[in-house]
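Welcome! Have a look at the structure first, then read on.

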Amino acid sequence: MSSGQPAVIYRKGLDLKEAVAGALSADYDSSLVEAIKGDGYRYAAGRLTVHLAHEFGFCYGVDRAVDYAYQARQRFTDRPVFLTGEIIHNPDVNDKLRAAGIRFLSDPAESTERLGPGDVVILPAFGVSVGVLADFQARGCTLVDTTCGSVLNVWKNVTRYARDGFTALIHGKYKHEETRATASQALTFPGGQYLVVLDRAEADLVCDYIRHGGDRDAFLARFAHAVSPGFDPDRDLVRVGLANQTTMLMSESLEIGVVVGEAMRDRYGEADLAAHYRAFDTICSATQERQDAVVELLDHQAVDLMVVIGGYNSSNTCNLARLCAARVPTYHIADAECLASGQTIRHRPVTLGKSPAAEIETAAWLPAGPVTIGLTAGASTPNAIVGRVVQRLTDLTASAG
Ligand code: SF4
């Protein structure tokens, strides 16, 4: 479909940063969190002590995306403004954007088919696929592109792989918007291919195939939804370039890089390795800093439990929870309301991406007597929510135990 009108794309905001700064601060900042940071990331009230990770919450990419969305709403008051879906994986932020009149194309009542010149579409921090972008452009929509620079960096490498005849082996969740968008970049060159692996176990299956070959049909059935159309493991695992969703567990991405590199070395020899295998670091620094900070917190503070705050579909929050759960009892909560009482907490069970993310309830989660809680928040969680959680913990420990 073509409107005949060229699409306008804003990639660096809309010159309204100062105009929306007050609204952003009112919606997402927290004076309590600022006070805790100023106090060495420690907070004490009665029998409660909280240790806050030194890096947590909104990353630079999310900060920018939300800022641009507010600017778009302010700039185009006379035009419909749409988001393709969630701008970031935080329900509170998305609700606020809805309340400001931004419409979500992912809602059943909306349709991209009706879009045309005059409509404004905000592209999320994790980007959209090549085909989706082309469709918006053909319709002549005005686009506000908030795709994070760290995601763009991954895309650049994946298109390079495709250009050079390397299959992009992506460590990610194939249903995640960012991974779908990244995978689509592999198809921008003729013959470009991709394969998405969720974890080390799936990477091991790929390594086995690289080393020994195997049952082609069984392999394709195993990765049915995670490969490019026409993928052939006998042809497309000969040259492989590693990439990843920016929010995966860094240690696992690095491990996958090592095992795939070893498989390639075993199959083709050290001398020919560069002709068959490429890798580059695509975990974004914000993800890495949040993961490092929580490890450091647990290395230096004795905590009874960890509370990890973030949307249940937020990949980086789920990975923070995985890191913590390996060390101490951990509760991944969406917001302060999840702390129902000193007896009951509602939370997402800490699992790998494939497992269902339905919220569960756990009883007797808050120990009696003095309690020390470690706290962190995913890259899409505003400080306002972190502050409300600290306040709720204060209230609960004052009233129970
Ligand atoms: S988590 Fe990283 S890649 Fe994703 S928006 Fe934030 S800074 Fe960008």
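Predicted model: local features only at pLDDT ≥ 70, side-chain atom pairs only at ≥ 80, totals over all residues.

**The whole chain**

- The chain holds 15 helices and 16 strands.
- Its radius of gyration is 23 Å, close to the 21 Å that the globule rule gives for 401 residues, so the chain is as compact as a globular protein of that length.
- Of the 401 residues, 54% count as buried.
- Among contacts with a separation of 6 or more, 72% are between residues 24 or more positions apart.

**Two helices side by side**

- Two packed helices are described by the angle between their axes and the distance between the axes.
- For helix α13 (residues 285-300) and helix α14 (residues 315-325), that angle is about 25° and the axes are 10 Å apart.
- Angles under 35 degrees count as roughly parallel, and α13 and α14 are therefore roughly parallel to each other.
- Which hand does the crossing of α13 and α14 have? The crossing is right-handed.
- On the α13 side, the residues that meet α14 are Arg290, Gln291, Val294, Val295 and Leu298; on the α14 side, they are Asn319, Leu320, Leu323 and Cys324.
- Sorted by class, this contact has six nonpolar, two polar and one charged residues.
- An α-helix has 3.6 residues a turn, so residues three or four places apart point the same way.

- Is α14 mostly covered or mostly uncovered? Helix α14 is mostly covered, as nine of its eleven residues are buried.
- The buried residues of α14 include Ser315, Asn316, Thr317, Cys318 and Ala321.
- Asn319, Leu320, Leu323 and Cys324 are buried too, and these four meet α13.
- Besides α13, what covers the buried residues of α14 includes the strands β12 (305-309), β13 (330-333) and β16 (371-377).

**A closer look at Thr182**

- Thr182 lies in helix α7 (residues 177-185).
- Residues under 20% relative accessible area count as buried; Thr182 has 1%, so it is buried.
- Which residues touch Thr182, leaving aside its neighbours within four places in sequence? Thr182 is in contact with Val154, Trp155, Val158 and Ile170.

Notes:
Residues numbered from 1 in each chain as written. Heavy atoms only, no water. Axes fitted to C-alpha atoms, helices over the stretch in contact; angles between N-to-C directions. Helix = DSSP H or I, 4+ residues; strand = E, 2+ residues; numbered from the N terminus. Parallel < 35°, antiparallel > 145°, perpendicular 65-115°, else oblique. Left-handed = near helix turned anticlockwise from the far one by under 90°. Contact = heavy atoms within 4.5 Å. Nonpolar A, V, L, I, M, F, W, Y, C, P; charged D, E, K, R; others polar. Rg over C-alpha atoms; globule rule 2.2 N^0.38 Å. Buried < 20%, exposed > 50% of the residue type's maximum accessible area, 1.4 Å probe, protein only.
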